[in-house]
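Hi everyone, thanks for coming.

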There are 2 protein chains.
Amino acid sequence: MKELIEYILQFGNLNKQQIDLIKSKTTEKELRKNDYFIEAGKMFNQVVFILEGVLRICYYNNKGEEITKYFVDENRLVVNPYKGEPMPEYIQAITDCKLILFSQQDWDELSNTIVGWESITNKIFQKGLIEKMDRRSSLVSEDASTRYLTFLEKFPTLANRVPLSYIASYLGITQQSLSRIRKNIR
Amino acid sequence: MKELIEYILQFGNLNKQQIDLIKSKTTEKELRKNDYFIEAGKMFNQVVFILEGVLRICYYNNKGEEITKYFVDENRLVVNPYKGEPMPEYIQAITDCKLILFSQQDWDELSNTIVGWESITNKIFQKGLIEKMDRRSSLVSEDASTRYLTFLEKFPTLANRVPLSYIASYLGITQQSLSRIRKNIR
DNA sequence: GAAATCATTTACCATTTGGTAAAAAGTGAT
DNA sequence: ATCACTTTTTACCAAATGGTAAATGATTTC
């Protein structure tokens with residue numbers, strides 16, 4: 001819980017009362033490895049903070065291949081970018097996870113009590129999007145080896161606890177190619 | 001100017017007085033084809049609305065190749081995602097352009113007078129980012145032909161007025177490859 | 001309108017990546 | 001330890017893409 005509060009305080013100041021109010025809205029949830037947290041087509045009306053573990057966002061492309069779009073690990077918030085619409089993607093636990101949950105409603109209604117809450121949540125959301133964009137941008141216009149090396153830099157804690165097939169589809173290559181690349185790098 | 005106001009009104013309601021205030025903060029600017037609007041490393045403290053023409057955002061990768069990261073065409077706002085930091089990328093006019101400009105300060109200070117302005121600008125910014133992400137996401141995990149076809153769908157007005165070399169680098173392929181792909185599609 | 005310049009296509013071959021399949025390595029349960 | 005199962009690596013060949021260079025086409029300038 002400390003981690004969550006520290007995370008939020010990066011984006012604005014809060015007093016003890018406000019922090020307690022935020023805490024009072026949380027629930028905890030655990031996921032087992034391979035559990036789906038959200039299925040595509042369903043509503044995702046929660047805000048999620050990852051205490052432990054790794055989630056991935058994935059979907060099926062028009063050839064029916066499962067594509068990993070993004071990874072999210074400890075001390076990050078997962079916010080629904082398509083508020084009010086069904087999720088177009090799956091959210092799956094790659095490892096066992098411990099999560100802190102807010103209902104989207106509670107999360108939004110905190111702005112009725114906490115002055116500046118909307119500004120904080122907008123900053124959080126925007127920073128997340130910009131970071132995601134930055135990480136995905138390097139996946140275009142670089143060859144596969146460079147993409148893998150960049151992945152290792154940008155997700156330093158992930159390489160050893162995520163199946164290679166997920167990393168391969170994140171990088172836009174087959175797992176055979178990724179295996180070859182890993183061999184050449186050694 | 002009508003186009004700008006219509007654009008903003010998509011994100012929230014404004015009365016005539018507020019609209020006039022917004023209008024009073026604008027200046028116009030024209031660019032010739034190939035002019036750089038912003039150079040990498042310099043500050044970009046403006047908000048730009050494109051009345052006519054096409055801009056591109058580009059940079060040089062670690063191999064010194066010029067990479068087109070994104071295109072922006074008519075009736076879109078260009079907002080600096082790295083407020084307070086120097087721009088890491090160039091913004092260049094691909095065609096002759098007519099722009100409407102706000103200084104970042106004027107743009108931000110409108111929230112002192114217009115209730116809900118911050119909410120409107122956050123929505124604008126977030127929608128832009130989500131759209132950009134959506135467009136760029138399909139560039140990973142699809143083969144080059146599919147990427148080109150997707151580009152034609154997502155930027156239907158651009159194919160005929162943008163040099164192919166820019167499109168190629170946006171798609172992450174050489175212009176020779178793009179030329180081959182275009183030949184096969186015909 | 002001709003020359004010069006820039007953009008696009010084509011050609012050739014080298015390199016990278018994909019597709020299919022099998023082998024090897026790792027994991028978990030009994 | 002063995003078996004069943006999953007993940008990762010390897011191998012082989014086909015297909016796609018890159019790199020270099022030249023030919024064609026389009027645009028600008030004088």
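Let me begin with a question: of the 16 residues around DNA strand D, which come nearest? They are A:L164, A:S179, B:A144, B:I173 and B:S177, where a residue is near a molecule or strand if its C-beta atom, placed from the backbone, lies within 6 Å of it.

A quick word on what you are looking at. This is a predicted model, in which local features need pLDDT of at least 70 and side-chain atom pairs count only at pLDDT 80 or more, while totals for chains, interfaces and linings use all residues. Residues are numbered from 1 along each chain as its sequence is written, and chains are lettered from A and ligands numbered from 1 in the order in which they are written.

Two or more residues each come from α6 (164-171) and α7 of chain A, and from α5 (144-154) and α7 of chain B. Helices here are DSSP runs of H or I with at least four residues, strands are runs of E with at least two, and both are numbered from the N terminus. The largest share, 6 residues, belongs to α7(A).

Now turn to DNA strand C. Among the 16 residues around it, A:A144, A:I173, A:S177, B:L164 and B:S179 come nearest. Here α7(B) gives the most, with 6 residues. By class, this surface has 4 nonpolar, 8 polar and 4 charged residues; Ala, Val, Leu, Ile, Met, Phe, Trp, Tyr, Cys and Pro count as nonpolar, Asp, Glu, Lys and Arg as charged, and the others, Gly among them, as polar.

Next, how do the two chains meet? In this model, 21 residues of chain A are in contact with 20 residues of chain B, contact meaning C-beta atoms, placed from the backbone, within 7 Å. On the chain A side, α4(A) supplies the largest share, 11 residues.

Finally, have a look at the sheet in chain A. This open sheet has 4 strands in the order β1-β8-β3-β6, with antiparallel pairing; two strands pair if DSSP finds at least two bridges between them. At its edges are β1 (27-31) and β6 (77-78), each pairing on one side only. Strands β3 and β8 of chain A are joined over 6 bridges, and A:F49 has A:I100 in β8(A) as its bridge partner.

That's my tour, and I'm happy to go back to any view.

Notes
Two residues are in contact if their C-beta atoms, placed from the backbone, lie within 7 Å.
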